[in-house]
Amino acid sequence: MNESVGGLSLPGLLDAVGARTTAPGGGAVAGVVAALAGALTGMCARFSDGDQADLAGRADELRARAASAAQSDLAVYAAYVRARRTGRDGEVAAALDETIRVPLEMAEVATELAELAGGLARSGNPNLRGDATAAVLMGSAAARVGAILVYENLAGTSSDPRLARAAALVASVNAAERDVLSLYAALTTP
């Protein structure tokens with residue numbers, strides 16, 4: 001299991017993800033995708049006027065949180081594997097909670113990024129509408145992955161409030177995607 005995604009080159013990251021290991025996996029990849037959505041959102045905001053230019057700082061904060069979540073995903077998964085090997089129920093439960101907390105946080109960050117980018121796609125610099133749309137779609141994908149990992153890690157549970165939070169985040173990114181794709185009528189016509 002690789003202990004750092006931040007220090008890898010792009011080919012190194014791709015090799016690490018594609019290797020016959022369990023990590024880095026979907027969580028770390030979603031964090032990287034969300035961080036890239038944050039970078040695109042920040043760039044689009046910097047090329048926009050007025051209030052939208054002020055969004056760059058928030059996009060940068062969210063990008064940093066997404067990158068941190070990608071790194072944390074590796075650490076919490078490794079801790080969970082170690083806890084399962086020890087077989088101590090309390091340690092396993094605490095480690096499992098972290099494997100839920102991190103992807104849920106990632107989904108929250110990615111959702112906010114998708115929503116920020118959506119605003120920029122609609123009324124930011126028109127020359128960067130495609131980049132802002134890409135950020136919406138990437139943020140949406142990362143949010144969905146985070147939500148799916150929450151569901152997977154809560155398998156067999158139906159009443160945990162984190163499931164409802166994950167579902168609400170997916171509903172938000174679904175709306176953000178529909179909204180931004182409506183800017184491209186030729187792509188949304190059946």
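**How the helices cross**

In which crossing does H5 pass H6: left-handed or right-handed? H5 passes H6 in a left-handed crossing; a crossing is left-handed if the near helix is turned anticlockwise from the far one by less than a right angle, and right-handed if clockwise.

Before going on, please note that this is a predicted model, in which local features need pLDDT of at least 70, side-chain atom pairs count only at pLDDT 80 or more, and totals for chains, interfaces and linings use all residues. Residues are numbered from 1 along each chain as its sequence is written, and side-chain values use heavy atoms, with hydrogens and water left out.

**H5 and H6**

Two packed helices are described by the angle between their axes and the distance between the axes. Helix H5 covers residues 129-153 and helix H6 residues 161-181; their axes are 9 Å apart, at an angle of about 160 degrees. Helices here are DSSP runs (H or I, at least four residues), numbered from the N terminus. Axes are lines fitted to C-alpha atoms, for helices over the stretch in contact, and angles run from 0 to 180 degrees between N-to-C directions. H5 and H6 are therefore roughly antiparallel, a term for angles over 145 degrees.

Residues making this contact (heavy atoms within 4.5 Å) include Val136 and Ala143 of H5 and Val170 and Val173 of H6. By class, the contact has 13 nonpolar, three polar and three charged residues. Ala, Val, Leu, Ile, Met, Phe, Trp, Tyr, Cys and Pro count as nonpolar, Asp, Glu, Lys and Arg as charged, and the others, Gly among them, as polar.

**H4 and its partners**

The axes of H3 and H4 come within 8 Å and cross at roughly 160 degrees, which makes H3 roughly antiparallel to H4. Their contact divides into 19 nonpolar, three polar and eight charged residues.

H4 also meets H5: these axes come within 7 Å and cross at roughly 160 degrees, in a left-handed crossing. In the contact of H4 with H5 you will find 18 nonpolar, eight polar and one charged residue.

Helix H3 (residues 55-86) has 32 residues and reaches 46 Å from its first C-alpha to its last. Gly87, whose phi is positive, near 75 degrees, follows H3.

Val109 lies in H4 (residues 89-123). Val109 is buried, with a relative accessible area of 2%; buried means under 20% (1.4 Å probe, protein chains only). Leaving aside residues up to four places away in sequence, Val109 touches Leu62, Arg65 and Ala66.

Definitions and conventions: Helices (H or I, at least four residues) and strands (E, at least two) are DSSP runs, numbered from the N terminus. Buried means under 20% relative accessible area, exposed over 50%, partly exposed in between (1.4 Å probe, protein chains only). Angles under 35 degrees count as roughly parallel, over 145 as roughly antiparallel, 65 to 115 as roughly perpendicular and the rest as oblique. The expected span of a helix is 1.5 Å times one less than its number of residues.
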